[in-house]
Amino acid sequence: MAGNNGGPWGGGGSSGGGNRGNNGGGDGGRRPEDPQIPEIDELVKKGQEQLRVLMGGRGGQGGGGKRGGGAGGGAPLFTKGSLLLGGIAAVFLYGYASFYTVKPEEKGVELFLGSFHRTTDEGPHFAWWPFITAEVLPTSTEQIENIGTGSRGSDAGLMLTGDENIIDVDFQVVWNISDPARYLFNLRDPRTTINAVAESAMREIIAQSELAPILNRDRGIIRDRLEELIQSTLDSYDSGVNIVRVNFDGADPPEPVKDAFRDVQSAGQERDRLEKQADAYANRKLAGARGQAAQTLEEAEAYRAQVVNEASGEASRFSAVLEEYQKAPDVTRKRLYLETMEEVLGRVDKIILDENSGEGSGIVPYLPLNELRRSGSEGN
């Protein structure tokens with residue numbers, strides 16, 4: 001019966017029980033100098049005492065308290081001070097959840113049980129949480145969507161033109177929020193939607209254009225058409241998005257054929273230059289020929305008029321002379337003779353000598369009359 005006096009843990013006071021523990025009887029035997037293992041009840045009791053201290057109460061007397069003592073033996077779990085602190089904390093947390101501030105560049109949208117309630121402007125606002133919640137959106141901030149090779153991969157900006165050429169397009173769409181309520185409720189993923197609409201609009205415009213105008217002169221026209229088409233499409237969605245501007249950064253041939261395309265462009269420009277030079281030369285020669293032809297026609301017309309006028313004048317003069325001749329034939333005949341001789345002899349260098357005016361043969365000493373007359377006429 002000595003084993004029964006040791007209790008269930010084998011910790012009896014007889015020497016037989018102690019020897020039983022030392023000889024390998026298990027964990028039941030302890031020496032007096034070994035530390036005492038705390039009981040489970042003591043651990044629970046200490047935890048309750050510490051909780052009371054944290055909530056504003058006082059700990060139990062005597063350290064760990066009596067074994068088996070109830071919870072009602074200590075201070076109450078909640079005091080007036082702890083309730084007051086809890087109420088203040090609850091009010092603070094409710095105010096933190098209900099108050100919100102809208103900055104100058106933002107707009108607030110209040111939702112009543114998930115439905116649109118109202119739009120708020122700059123300043124502090126209060127919403128009765130959890131019935132009313134608020135979403136604050138940056139309406140004045142410009143946001144940018146990059147579309148092309150630099151945004152989503154090497155093939156994102158490759159588009160097919162109307163003349164069946166491939167072009168690499170890079171552009172930016174700058175936008176902001178014009179209507180926060182529509183933006184919040186009508187678009188599930190605004191940035192993805194804007195990106196898809198912009199890319200689709202650019203592909204539509206490029207498909208209606210040829211390659212050369214896109215690369216050279218029509219970028220401004222394409223940019224304006226693109227901005228208008230994106231805005232009209234987003235308006236049809238009631239998106240609440242405003243397109244500020246479109247930056248058409250570049251349009252180039254694909255990288256593998258860029259060098260060859262530049263050579264073709266250079267050859268085309270050289271061809272255009274030579275054609276313009278040839279056209280200028282042809283226009284210059286054609287204008288000169290037309291001028292010369294007009295001059296020749298004018299000269300012929302003048303000659304014809306001159307000959308006709310002279311013939312008409314001669315005919316009129318002959319008719320007048322004939323009339324006079326019929327009136328006085330002798331006088332008119334003599335007059336005609338004298339006028340004819342005057343006209344003939346007036347074109348000839350001549351010297352008239354009178355045979356009866358001098359001695360001998362009537363020849364005077366040599367005198368260079370022709371030279372004197374010529375020099376005299378030159379002097380005049």
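Colleague: Which residues is Met202 in contact with, leaving aside its neighbours within four places in sequence?

Modeller: Good place to start! In this predicted model, Met202 is in contact with Met159, Val169, Phe171, Ile222, Leu226 and Phe248, once those sequence neighbours are set aside.

Colleague: How many residues does the largest nonpolar core have, and which have the most contacts inside it?

Modeller: That core has 31 residues, and Met202 is listed with Ile167, Phe171 and Ile230 as those with the most contacts inside it. Strands E8 (166-177) and E9 (241-252) each supply at least two of its residues, as do helices H7 (190-207), H8 (211-215) and H9 (219-236). H7 gives the largest share, seven residues.

Colleague: Now a helix. What should the 19 residues of helix H4 span?

Modeller: Begin with the general idea: an α-helix has 3.6 residues a turn, so residues three or four places apart point the same way. For length, count 1.5 Å a residue; helix H4 (residues 80-98) should therefore span 27 Å, and its end C-alpha atoms are 27 Å apart, which agrees.

Colleague: Which residues of H4 are buried, and what do they pack against?

Modeller: Ser82, Gly95 and Ser98 are the buried ones. The buried residues of H4 pack against strands E1 (99-102) and E4 (123-126).

Key. Residues are numbered from 1 along each chain as its sequence is written. This is a predicted model: local features need pLDDT of at least 70, side-chain atom pairs count only at pLDDT 80 or more; totals for chains, interfaces and linings use all residues. Side-chain values use heavy atoms; hydrogens and water are left out. Helices (H or I, at least four residues) and strands (E, at least two) are DSSP runs, numbered from the N terminus. The expected span of a helix is 1.5 Å times one less than its number of residues. Buried means under 20% relative accessible area, exposed over 50%, partly exposed in between (1.4 Å probe, protein chains only). Contact means heavy atoms within 4.5 Å. A nonpolar core is a set of buried Ala, Val, Leu, Ile, Met, Phe, Trp, Tyr and Cys residues joined through side-chain atoms within 4.5 Å.
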